[in-house]
Amino acid sequence: MAFKPANNIQDLQYFGEFGGVNPSISDSSTYTFLSAKTMFDTFEGNADGCYLYSRHSTPSNLYLGQALAAMEGTQTANVTASGMGAITSVLMQLCGAGDHIVSSRTIYGGTYAFLKNFTPRFNIETSFVDITKLDMVEAAITPKTKVLYCESVSNPLLEVADIAGLAKLAKKHNLKLVVDNTFSPLSISPAQLGADVVIHSLTKFINGSSDSVGGVICGTQEFIDDLRNVNDGACMLLGPTMDSLRAASILKNIRTLHIRMQQHSLNGMFLAENLEKDGLKTVYPGLASHPSHDLFKTMMNKKYGFGGMFTLDVGSLDKANALMELMQKRNLGYLAVSLGFYKTLFSAPGSSTSSEIPENEQKAMGLSDGLIRFSIGLDADIERTYAMMKECMKELKILE
Ligand SMILES: Cc1ncc(COP(=O)(O)O)c(C=O)c1O
């Protein structure tokens with residue numbers, strides 16, 4: 001039977017403390033025990049339904065985690081204060097000194113910087129590979145490799161990972177496949193394709209209001225318990241804890257994610273198709289010209305489309321900057337990093353979200369100076385948006 005992530009969210013039922021239709025927000029950092037014995041058992045991890053201290057877990061965080069686990073079809077999930085809080089905790093939990101990671105070379109700049117500059121301090125090394133070439137991925141695996149890491153749709157180049165193929169490799173070599181699904185919530189369900197751990201930055205599409213920072217780790221009960229373990233769990237000991245008030249507000253926004261993703265995808269497809277027809281170098285997984293268009297089709301939950309992210313290469317950084325400034329002036333969106341907002345957001349990744357990646361490596365992976373990354377908004381009249389964008393491009397001679 002087809003996996004229906006939005007049904008799983010819709011089907012969750014809440015009765016708040018006073019019968020509210022939203023769960024009550026747990027506004028406490030610590031929790032009482034009626035007996036000292038239960039407190040001891042809770043520390044030992046043996047008292048289901050008891051709360052200890054809010055860095056460990058809170059009712060509000062568990063509700064949000066439950067919704068995200070339902071969306072990804074994993075046993076459970078743990079929410080974190082940011083996407084990076086999720087990524088770094090997972091990698092530090094799975095790897096120790098002497099271990100090795102094989103990672104896609106096109107990933108979010110912060111993740112790249114963590115693997116390139118930070119984890120080597122703990123003697124954890126990473127090989128960065130072209131994730132679309134399974135033979136290269138396999139060739140990079142060594143006896144020390146513990147983790148295969150990728151983004152389902154990569155930031156910013158929109159490369160698409162063959163998750164089922166990578167899962168097979170992970171199984172064969174006894175590795176954990178960790179997938180960051182931030183760019184394609186609902187469209188792609190990595191755990192259904194064999195990923196062991198699925199991560200999101202909730203800051204983006206899932207929250208969708210650009211008012212919160214958050215992250216989540218979706219996985220097995222065993223792995224999430226490990227992360228929360230009071231003795232050696234990265235989430236417990238590194239402290240990337242989400243605040244309960246934030247968890248409650250993000251939970252409310254998730255309920256409209258399916259409607260928002262459909263509109264982001266419709267708008268993304270319309271603009272990408274038309275801008276490509278106009279002769280612009282356009283990358284969008286929904287275009288037949290995208291090298292992984294067919295692969296995406298085999299993985300996707302069709303209803304949610306190809307997502308709200310596309311890139312245009314306008315030739316040079318100067319042109320990209322001029323276009324972004326003009327589009328902002330005309331109120332087409334904001335010159336801002338991040339994604340998933342109701343208005344379009346655009347930035348030049350080479351000098352912003354991917355600036356942690358050295359210039360020569362940016363070139364090698366095809367990240368050119370003139371590249372603009374668009375997170376298309378929920379525009380109700382995308383034809384009007386397209387006409388206004390075209391006007392800006394003509395004024396700057398990017399289009400004839
Ligand atoms: C694909 C991806 N993963 C992770 C992150 C990090 O998330 P956060 O900013 O919530 O820490 C980002 C942020 O830009 C991202 O784009």
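User: Why is helix 4 called roughly perpendicular to helix 8?

Analyst: The axes of helix 4 (residues 83-94) and helix 8 (residues 221-228) cross at roughly 95° and come within 11 Å. Angles of 65 to 115 degrees count as roughly perpendicular, so helix 4 is roughly perpendicular to helix 8. This is a predicted model, where local features need pLDDT of at least 70 and side-chain atom pairs count only at pLDDT 80 or more, while totals for chains, interfaces and linings use all residues. Residues are numbered from 1 along each chain as its sequence is written, and side-chain values use heavy atoms, leaving out hydrogens and water.

User: What makes the contact between helix 4 and helix 8?

Analyst: Contact means heavy atoms within 4.5 Å. Helix 4 brings Ser89, Val90, Gln93 and Leu94, and helix 8 brings Phe223, Asp226 and Leu227. By class, that contact has 4 nonpolar, 2 polar and 1 charged residues.

User: Which residues are the closest to the ligand?

Analyst: They are Met84, Asp180, Ser201, Thr203 and Lys204, among 15 residues that surround the ligand (near means a heavy atom within 4 Å). Helix 4 gives the largest share of this shell, with 3 residues.

Terms used
Axes are lines fitted to C-alpha atoms, for helices over the stretch in contact, and angles run from 0 to 180 degrees between N-to-C directions. Helices (H or I, at least four residues) and strands (E, at least two) are DSSP runs, numbered from the N terminus. Angles under 35 degrees count as roughly parallel, over 145 as roughly antiparallel, 65 to 115 as roughly perpendicular and the rest as oblique. Ala, Val, Leu, Ile, Met, Phe, Trp, Tyr, Cys and Pro count as nonpolar, Asp, Glu, Lys and Arg as charged, and the others, Gly among them, as polar.
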